[in-house]
Each structure stands twice: as C-alpha cells, then as structure tokens.
Amino acid sequence: MDVKSLIFSLIGGLGFFFFGMQLMTEGLKKIAGERLKNILNMATKIPIFGILVGAGVTCLIQSSSATTVMVVGFVNAGLLALNQAISVIIGANIGT
C-alpha cells in the first residue's frame, strides 16, 4: 500500500464513522423521549453512580468501545450532560 492509498482509506474511514455517529444521533433524538432522558439523568446524577453504570453496561455488553460510542451518542443527542458522560466512560474503562 502506498501512502496516497493509506491516506484516502483513513479519510474514508473517518467519513463513515462521522456519518454513522450522525445517523445514531438523529435516531436517538427520534426514539428517546423525556422518560429516557430522566432515567439517564437519575442513573448518572452522582458521579460514583455514573462510574457504576459504565462498568455495569460494559460488563453486560463486553465492549467498552460500544459503551463509549453509545455515551457519545447520548451526549450528542442532548440526553446526557458532559460531566455525566465522563463518569460513565471512566466506569466503562474500569469495567474492561
């Protein structure tokens, strides 16, 4: 593989990643109601609970990357605040 092909592959992969994130965010905005937002808020309001939620979800789905992508989608859709997401991602890394 030459350098030009590698750069185009990298740019293409990033494009697909961002496109997927945009689709997921739009889907979450359509599906998620106020009830899901309240549940996420209650579960992650206290940072230690957010860490436990992140570790628990990671243990259930066996992927900290998937947990992190979901959390980023929740933040992007406005369902989680950034400080809540940070505690969940820390928990996901601990759960790994």
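**Note on the helix packing of a predicted model**

1. Start with α3 and α4. Their axes come within 8 Å and cross at roughly 125 degrees. Axes here are lines fitted to C-alpha atoms, for helices over the stretch in contact, and angles run from 0 to 180 degrees between N-to-C directions. The helices themselves are DSSP runs (H or I, at least four residues; strands are E, at least two), numbered from the N terminus. The two helices are therefore oblique to each other. Angles under 35 degrees count as roughly parallel, over 145 as roughly antiparallel, 65 to 115 as roughly perpendicular, and the rest as oblique.

2. A word on the source. This is a predicted model, in which local features need pLDDT of at least 70, side-chain atom pairs count only at pLDDT 80 or more, and totals for chains, interfaces and linings use all residues. Residues are numbered from 1 along each chain as its sequence is written, and side-chain values use heavy atoms, with hydrogens and water left out.

3. Stay with α3 and α4. Their crossing is right-handed. A crossing is right-handed if the near helix is turned clockwise from the far one by less than a right angle, and left-handed if anticlockwise. From α3, the residues G54, V57, T58 and I61 meet S64, A66, T67 and M70 of α4. By class, this contact of α3 with α4 has four nonpolar, four polar and no charged residues. Contact means heavy atoms within 4.5 Å. For the classes, Ala, Val, Leu, Ile, Met, Phe, Trp, Tyr, Cys and Pro count as nonpolar, Asp, Glu, Lys and Arg as charged, and the others, Gly among them, as polar.

4. T67 deserves a look. T67 sits in helix α4. T67 counts as buried, at 2% relative accessibility. Buried means under 20% relative accessible area, exposed over 50%, and partly exposed in between (1.4 Å probe, protein chains only). Neighbours within four places in sequence aside, T67 is in contact with G54, V57, T58, I61 and A92.

5. Now the loop. Q62 lies between α3 (47-61) and α4. Q62 is not a glycine, yet has a positive phi of about 60 degrees. At 66% relative accessibility, Q62 counts as exposed.

6. Next, α3 and α5. The axes of this pair come within 6 Å and cross at roughly 45 degrees. That makes α3 oblique to α5. The crossing of α3 and α5 is right-handed. P47, G50, I51, G54, A55, T58 and C59 of α3 meet S87, V88, I90, G91, A92, I94 and G95 of α5. The contact of α3 with α5 divides into eight nonpolar, six polar and no charged residues.

7. Then α1 and α4. The axes of α1 (residues 3-31) and α4 (residues 64-76) come within 9 Å and cross at roughly 60 degrees. These helices are therefore oblique to each other. α1 passes α4 in a right-handed crossing. On the α1 side, M21, M24, T25, L28 and K29 take part, and they meet V69, M70, V72, G73, F74 and N76 in α4. The residues of the contact of α1 with α4 comprise seven nonpolar, three polar and one charged.

8. Which residues make up the largest nonpolar core? The ten are L28, A32, L40, V71, F74, A77, L79, L80, A85 and V88. Two or more of these residues come from each of α4 and α5 (82-95). A nonpolar core is a set of buried Ala, Val, Leu, Ile, Met, Phe, Trp, Tyr and Cys residues joined through side-chain atoms within 4.5 Å. L28 is in contact with G73, F74 and A77, leaving aside its neighbours within four places in sequence.

9. K37 is in helix α2 (residues 34-44). With a relative accessible area of 30%, K37 is partly exposed. Not counting residues up to four places away in sequence, K37 touches G78 and L79. K37 and F74 are 37 residues apart along the chain, and their C-alpha atoms are separated by 9.1 Å.

10. F49 is found in α3 and is partly exposed, with a relative accessible area of 41%. F49 and A32 are 17 residues apart in sequence and 21 Å apart in space, C-alpha to C-alpha. Q84 has its place in α5. Is Q84 buried or exposed? Q84 is buried, with a relative accessible area of 10%. Leaving aside neighbours within four places in sequence, Q84 is in contact with N41, T44 and K45.
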